[in-house]
Amino acid sequence: MPVDSFKYLPRSIAAYYQTLRVERADPIPWTPLSKPLNECRFALVTTAGIYVKDREAPFDAEREKREPMWGDPTYRRILRDAWQDQIGASHLHLNNRDILEDVNIVLPVHRFAELEAQGVIGSLAPTNYSFMGYQPDTNEWRERYGPEVARLMKDEAVDAVLLTPA
Amino acid sequence: MLAQKFEEAGLSTVMVTMMPYWAEKLGTPRALGVEVPFGHTLGVPGDHEMQMSIIRAALSLLEQAREPGEARDVGIEWPQPSDEARKDWQPLEPSPIIKMMRERAQAQAQQARSQDPATRGS
């Protein structure tokens, strides 16, 4: 059976989503995978709104509380050796409990370190990235932060990216 | 959309998403659909096997996709009843936008009541 995208949404929100029109990219940008997985360097990118405590600030939830039609468009860096208890979460649209128990459900840094050790992938990059997914206006992502994170990943010789919107 | 920006910059991407509906509408380069509650893209906390099975499916898609827009699903049995899971992922306090929409709806309902001759003065 195909995945039901609306199964876990409240009915009113599911109905609203299905009325929205979006523009489909044409053509869809495409970079073919250039080498076998076991030679690729990976980076991970989530939209779960996580950050590393005492290293970077949380996402700006206070401004979103004042301006509900605004979502913090910036990003945070999650180093591959971040410990679970260093992870904070500032996403006002999710119950963050399970993420604070196991970050791998939204940013699988520890799983990818295992895949690296097993030789399934070439390597996991030193730096991974977290955005906060509530973005009524995606302009800043498109014009500024998306290209910026792409450059940072290229600087770390990344070949392939696993995206895990939350 | 982030995936598109990364592909434009010369990175190959694969996305795991609980909303393949949107992935298809937007034109996601490679999308793996998975039926999980929000905030649980790779499964249940501590469930190593479930997390790895979703990741391996994503890696296969990345390796095998030959053209942009390729999508497939991975079968996952979520351990909670869906009514329970639908509540469980949501924040304890409603998000600011939900709060604002509820307040507006209440204000409109109140205004409608006060303008309705059947209820006026009652």
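Student: Which residue of β1(B) stands opposite A:A160?

Tutor: That's B:S12. Keep in mind that this is a predicted model, where local features need pLDDT of at least 70, side-chain atom pairs count only at pLDDT 80 or more, and totals for chains, interfaces and linings use all residues. Residues are numbered from 1 along each chain as its sequence is written, while chains are lettered from A and ligands numbered from 1 in the order in which they are written.

Student: What makes strand β7 of chain A and β1(B) a pair?

Tutor: Two strands pair if DSSP finds at least two bridges between them. Here β7 (residues 160-164) of chain A and β1(B) share four bridges, in the parallel sense, so they pass the definition. Strands themselves are DSSP runs of E, at least two residues long, and helices are runs of H or I, at least four, both numbered from the N terminus.

Student: How many residues of chain B are in contact with chain A, and what does "in contact" take?

Tutor: It takes C-beta atoms, placed from the backbone, within 7 Å. By that test 60 residues of chain B touch 54 of chain A. Elements giving two or more residues to chain B's side include β1 (12-17), α3 (48-64) and α5 (96-115).

Student: What is the secondary structure of chain B?

Tutor: Five helices and three strands, in the order α-β-α-β-α-β-α-α.

Student: Why is α5(B) said to lie largely in the open?

Tutor: Buried means 20 or more other C-beta atoms within 10 Å of a residue's own (exposed is 12 or fewer, partly exposed is in between; C-beta atoms are placed from the backbone). Of the 20 residues of α5(B), one is buried, so the helix is largely in the open.

Student: And A:D54, buried or exposed?

Tutor: Exposed, with 7 C-beta neighbours inside 10 Å. A:D54 also has a positive phi of about 65 degrees although it is not a glycine, and sits in the loop between β2 (50-52) and α2 (61-66) of chain A.

Student: How do you know that A:A157 counts as exposed?

Tutor: A:A157 has 11 C-beta neighbours inside 10 Å, so it counts as exposed. Phi is near 60 degrees, again positive in a residue other than glycine.

Conventions:
Contact = placed C-beta atoms within 7 Å.
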